[in-house]
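Trainee: Could you walk me through how to read a few features of a protein model? I would like the general idea and then the case at hand.

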Amino acid sequence: MPPSAIRLRNVRKSFGRTTAVSGVDLEVGDGEFFSLLGPSGSGKTTVLRMVAGFEEPTEGTIELAGRDVTGRAPFERDVHTVFQDYALFPHMTVEQNVAYGLKVRGVPRRERVERTHAALRSVRLEGYGKRRPSQLSGGQRQRVALARALVGRPGVLLLDEPLGALDLQLRQEMQVELKQLQREVGITFVLVTHDQAEALAMSDRIAVLHRGRVEQVGTPADIYERPATAFVAGFVGTTNLLTHEVAERVIGMPGSYSVRPERIQVHGWNAVFEPGDHCVAAGTVADVVYLGDATRFLVDLDAGVRLTAQQQNTESGSAEVSAYRGSRVRLRWLRRHNLPIH
């Protein structure tokens with residue numbers, strides 16, 4: 001069985017009395033698109049910096065392709081890091097930026113040129129080689145940074161919030177391009193992000209971090225549809241938590257459960273339902289949020305909790321959905337969409 005691209009064993013990092021990473025165990029497969037997802041201060045960037053060699057763990061070991069690199073310098077590791085600010089040299093052309101690392105390593109000029117052109121083709125920037133970074137858009141500068149990383153043919157590419165400086169539309173376009181690029185080049189990508197939608201859209205697997213610990217590792221579907229903890233349920237997408245007495249009253253079972261808003265249907269007060277394996281709860285619409293393609297309903301249940309329901313605007317407009325505000329409604333969802341959490 002081939003070694004994993006990255007393996008962290010009981011990795012801990014402290015800065016003085018502050019513990020940033022606490023006993024993390026992770027394994028990233030060769031050729032995998034893996035994301036470290038978490039809020040600010042969760043430890044995700046510190047984990048990335050330890051893999052890159054910019055920080056040394058206080059305890060634990062880091063392996064790359066089966067080799068212990070815990071005490072090795074960044075240039076001794078088969079990784080390359082792409083930062084949010086791109087870190088391009090403004091006085092150099094695109095070609096010179098991409099070829100810089102090869103030049104420092106003493107790669108012959110002819111090979112440098114061939115590999116630089118190939119890297120620019122891979123990120124669809126043929127013909128941009130003579131331009132300066134100031135003559136490029138944000139998305140184009142991001143592609144140059146990726147080409148510069150890929151030209152060195154690293155075993156692992158580390159991406160530290162690489163799309164954070166881009167506007168929403170461009171960020172979504174780059175998410176698709178990054179995933180496609182990763183499939184084409186076939187190397188391991190590790191993405192650090194706080195953006196749940198970004199991680200869900202791009203990753204083969206995700207590790208959700210919170211307060212320096214790994215809360216859950218799984219595929220995007222696992223993380224979203226089967227959250228292991230209350231933190232994961234609340235952080236990855238919007239959810240409703242039903243606990244203790246409220247869970248007993250609403251779904252008839254003890255424990256703690258998560259119900260996603262898009263699973264909940266909003267019906268008028270006089271709605272009549274056929275018998276089925278559903279939960280039904282009565283309440284009053286406290287507010288309506290029109291989102292264009294969807295509407296979010298905030299409903300105060302008679303059971304004493306506020307639930308959020310979201311439905312697509314396939315036929316209704318803003319005026320029609322706003323009329324629900326203050327009205328009595330019934331919420332209905334399948335029992336199998338009550339996700340137990342710990």
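Mentor: Gladly; we will take a sheet, a helix, some salt bridges and one serine in turn. Keep in mind that this is a predicted model.

Trainee: Let's begin with the sheet. In what order do the five strands of the open sheet come?

Mentor: In general, strands of a sheet pair through backbone hydrogen bonds, either parallel or antiparallel. Here the order is S13-S17-S14-S15-S16, with antiparallel pairing. From one strand to the next, the twist averages 45 degrees.

Trainee: How many bridges join S13 to strand S17?

Mentor: Four, and the two strands run antiparallel. Within this pairing, Val 266 has Leu 331 in S17 as its bridge partner. Helix H9 (residues 244-251) packs on the sheet, where it touches strand S14 (278-290), strand S15 (294-301) and S17. The direction of H9 makes about 110 degrees with that of S14.

Trainee: Now a helix. Is H4 mostly covered or uncovered, and what do its buried residues pack against?

Mentor: Mostly covered: twelve of the 13 residues of H4 are buried. Among them are Gln 142, Arg 143 and Arg 148. The buried residues pack against several elements, including helix H2 (94-104), helix H3 (109-122) and helix H5 (168-185). As for length, H4 (residues 138-150) reaches 19 Å from its first C-alpha to its last, close to the 18 Å expected.

Trainee: And salt bridges?

Mentor: Side chains of opposite charge can pair when their charged atoms come close. The whole structure has 20 salt bridges. In one of them, Arg 115 and Glu 111 meet at 2.9 Å, N to O.

Trainee: Why are Arg 115 and Glu 111 separated by about one helical turn?

Mentor: An α-helix has 3.6 residues a turn, so residues three or four places apart point the same way. Arg 115 and Glu 111 are separated by about one turn because they are four residues apart in helix H3. Arg 115 counts as buried at 10% relative accessibility, while Glu 111 counts as partly exposed at 31%.

Trainee: Which salt bridge links distant parts of the chain?

Mentor: Glu 55 forms one with Lys 13, with their closest N and O atoms 3.9 Å apart. The two residues are 42 residues apart, Lys 13 being in strand S1 (residues 6-15).

Trainee: Finally, is Ser 203 buried or exposed?

Mentor: Ser 203 is buried, since its relative accessible area is 9% and the cut-off for buried is under 20%. Its side chain makes a polar contact of 2.6 Å with that of Ser 35.

Conventions: Residues numbered from 1 in each chain as written. Predicted model: local features only at pLDDT ≥ 70, side-chain atom pairs only at ≥ 80, totals over all residues. Heavy atoms only, no water. Buried < 20%, exposed > 50% of the residue type's maximum accessible area, 1.4 Å probe, protein only. Polar contact = N/O pair within 3.5 Å; in protein donor to acceptor, adjacent residues only side chain to side chain. Pairing = 2+ DSSP bridges. Axes fitted to C-alpha atoms, helices over the stretch in contact; angles between N-to-C directions. Contact = heavy atoms within 4.5 Å. Expected span 1.5 Å × (residues − 1). Salt bridge = Lys/Arg side-chain N within 4 Å of Asp/Glu carboxyl O.
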